[in-house]
Structure formats: structure tokens, C-alpha cells
Amino acid sequence: MLIELKTIEKININKFQRDLIAWFKQEQRDLPWRKDQDPYKVWVSEIMLQQTRVDTVIPYFNRFIEWFPTIESLADADEDKVLKAWEGLGYYSRVRNLQSAVKEVKEKYMGKVPNTPDEIAKLKGVGPYTAGAILSIAYGLPEPAVDGNVMRVLSRILSIWEDIAKPSSRKVFEKAVRELISHEEPSEFNQALMELGALVCTPTSPSCLLCPVRDHCQAFSEGVQNDLPVKTKKNKQRVIELATVVLTDDSGKFLIHKRPDNGLLANLWECPNIEIHHPMQTEREKIADLFMDSHHLDIEIEKAIGQIEHVFSHLVWNIKVYTGKIRTFHQPGNGEWKLASLEEMENYAFPVPYQKVFKMYKEKNERH
DNA sequence: GATACGTGGCA
DNA sequence: TTGCCAAGTAT
């Protein structure tokens with residue numbers, strides 16, 4: 001059951017659209033994915049921008065389009081290379097879903113991104129926001145594209161006190177956008193709402209005095225812009241204790257392991273590691289036994305070189321880092337393992353916590 | 001509906 | 001330093 005939006009009746013929709021879009025045309029940032037409306041590039045940019053800042057995305061987007069300029073090139077690429085292009089961006093299932101969806105577009109839609117809500121929403125990794133963004137920006141269709149910016153901006157303009165942390169709230173805002181959106185310039189309208197949220201109608205201390213639609217804003221007229229949107233907080237992360245070993249063989253190659261193809265950091269590479277359930281387990285002589293038990297790895301621990309804390313959105317890793325030597329190596333049964341030279345390592349994607357591990361290893365080595 | 005899923009920046 | 005956030009989606 002949707003709440004009635006009485007406040008939308010107070011908006012002069014035509015003037016609101018004009019003020020908003022005029023501001024956007026004047027003030028919009030010059031961004032690499034705004035050079036054209038290639039549906040593939042719009043799609044890539046929208047996936048990258050999920051939960052990720054524009055400044056972070058820009059260099060990743062440029063390199064990704066260099067490496068994979070077309071649907072076909074991405075569909076045919078090795079997954080390790082695709083993950084390498086995403087290394088450091090986070091939420092890695094985004095790019096695995098993207099490649100999977102791009103393969104589907106290549107095969108099922110002759111390489112052309114579909115332009116109907118039903119077809120596009122079925123693609124892996126394309127939810128309601130991304131579907132609306134592609135349909136409006138690449139195809140000029142008047143579909144809502146409701147992200148966090150849009151909810152924040154509209155919660156203020158229309159004085160909507162729904163908790164935007166609740167998934168069900170999105171429907172309220174989609175309904176509002178359907179009433180407000182410009183049918184002449186839906187792309188500009190949707191992007192303007194998001195751009196306004198990013199540049200003016202910011203989460204904290206919004207710049208209302210610079211706002212092009214201030215005169216339409218209920219929150220501003222009531223002085224409650226700092227109380228909106230309503231957003232409940234999330235829970236604290238749980239902590240996981242890990243021990244990891246930078247393992248080398250006699251020729252100086254590193255032993256690395258490919259993570260499982262689902263869950264956290266799926267299909268990325270890491271140093272061999274184990275979860276520590278009891279503090280006593282970090283005693284140096286116990287560590288090697290644990291690696292034998294859990295990975296059938298015959299190793300010798302040399303020394304502990306430090307501790308790394310890595311904070312994820314939902315958990316924290318405390319990693320104790322060791323160096324060690326491989327005694328005898330044979331492929332352990334579980335998962336994919338590789339003995340890789342420094343040069344070969346460049347081809348594999350490591351999540352940030354393990355980039356920190358290698359950085360620590362390198363720094364410790366350079367002092368000798 | 002609640003939780004899993006990354007990372008870096010900033011108050 | 002700690003916590004919150006930033007153009008969400010899958011399960």
C-alpha cells in the first residue's frame with residue numbers, strides 16, 4: 001500500500017522540470033560516460049557507479065572501455081582479466097554478473113542491449129535502478145531511475161518521511177518520479193536529479209542557497225532539510241581473525257589460491273590463509289599444522305611480519321601475516337592453486353586486503 | 001524483509 | 001579514531 005503523496009500536488013511540475021533540467025545543462029560535470037549514449041557504456045558506468053563514488057569510478061571506467069570497448073569484447077574476455085579490470089573497485093560480483101549478462105546480450109539479442117523494461121530487467125546484475133538508468137539515458141524512455149540521490153532529493157522536495165533504508169520505500173519514490181519526469185527529456189531529468197543530489201542536495205549540509213529548485217522544496221520551506229531523508233543505521237560488523245602466509249618456493253615464486261566462485265571476493269586470488277578460532281592457534285609452530293590440516297599444505301613458517309585490519313561493509317578481517325617456505329608442493333585438492341612469479345601475479349586480481357599483505361611483505365624485505 | 005557483498009573518503 | 005557514507009542487486 002503506497003502512501004498518498006499530497007505534497008506532489010503543490011509542485012508546478014512544468015516549472016520544476018524546466019528549472020531542474022536548465023541547471024543540469026549548465027552545471028553538469030564533464031564525465032567520460034557522458035561523451036555519447038552508447039547503451040553498453042551507459043550500462044558499464046551504471047554498474048560501476050553502484051555504491052561507488054564518481055571520482056573513484058572515472059579511471060576504472062576509462063581503462064575498462066579501453067580493454068573491453070564493445071559487448072563482444074567483454075563477452076569473449078577471460079574472467080581473470082575482467083576481474084583484474086575491476087581490482088580494487090569492490091563488489092566484484094557486479095562485474096561477473098555484467099560479463100554474464102553481456103554474454104546473454106551477445107547471444108540472445110544479437111549484441112544489442114535490449115530496450116524494453118522486461119527484457120533489460122532480466123539481465124543479471126540489472127535491478128530496478130540500473131534498468132531505469134539505461135532505458136532513460138541510452139534510449140530516452142521516461143522510466144524512473146531511483147537511487148540514493150533521488151530518494152534523498154525527493155524526500156526533501158516532497159517532504160517524504162519514509163525510511164529510505166527500507167527496500168519498500170523505493171516504490172514510493174518511483175511513483176513520484178513517474179509523475180514528475182519530463183517526457184521530452186527523461187534522460188536529462190533523471191541525471192539532473194542525481195547530479196543535484198551529488199553536487200547540491202548532499203547528505204549533510206545541503207547547499208540550499210545554491211539550489212535551482214529551492215522554490216519547489218517543501219523541506220526548505222519548512223526548514224527541515226537537515227532532518228531528511230530518514231535513514232535507519234546499519235548494524236556493526238562482526239570480526240574474523242585470519243592468519244595468512246606469504247609463501248615462496250626455492251625459485252622465489254609465490255603460492256596463491258583462487259577463492260571460491262561464490263560469496264565474498266568470489267574468484268579473486270589470495271595468499272593461503274586460515275581462520276583463527278582461538279588465540280593460541282597463532283603460536284608460530286601451530287600455524288604450519290593448521291595449514292596442513294585445512295589445505296594439506298606442507299610448509300614452514302619463518303616469521304610473523306605484522307598485522308592488517310581490513311574493514312568490509314559487513315565484517316572486519318584481522319589478518320596476522322607470516323612469511324614461509326613451501327617444503328613440498330602438490331596441488332591440494334580443494335580449489336585452484338598456482339605458483340606464480342612476480343610478473344605472473346600482475347595478471348591476477350587480488351582484493352585490497354591481500355594487496356596490503358604483499359605491500360607489507362615487500363617493505364619488510366627491502367630493509368635487508 | 002534482512003543480510004551479504006568492497007572500498008576509500010571524510011567529518 | 002570511529003562511523004557513515006556512494007549512481008544497488010541477489011538471495
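About 90 Å³ of space lies in the largest cavity of this predicted model, and the structure holds one cavity of 30 Å³ or more. A cavity is a set of points, on a 1 Å grid over the protein atoms alone, where a 1.4 Å probe fits but cannot get out, and its volume is the space filled by probe spheres set on the points, which are joined across faces, edges and corners. Residues are numbered from 1 along each chain as its sequence is written, while chains are lettered from A and ligands numbered from 1 in the order in which they are written. Local features need pLDDT of at least 70, side-chain atom pairs count only at pLDDT 80 or more, and totals for chains, interfaces and linings use all residues, with side-chain values using heavy atoms and leaving out hydrogens and water.

The largest cavity is lined by 13 residues, with I157, C201, C208, C211 and C217 nearest its centre; lining residues have an atom within 4 Å of a point. Helix α9 (residues 148-157) gives the largest share of this lining, three residues.

Around DNA strand C there are 25 residues, among which Q51, G125, D147, N149 and P203 come nearest, a residue being near if one of its heavy atoms lies within 4 Å. Of the atoms of DNA strand C that come within 4 Å of the protein, 64% belong to sugar and phosphate.

Conventions. On a 1 Å grid over the protein atoms alone, a cavity is a set of points where a 1.4 Å probe fits but cannot get out, and a pocket is an open set with protein on both sides within 12 Å along at least five of seven lines; lining residues have an atom within 4 Å of a point. Helices (H or I, at least four residues) and strands (E, at least two) are DSSP runs, numbered from the N terminus.
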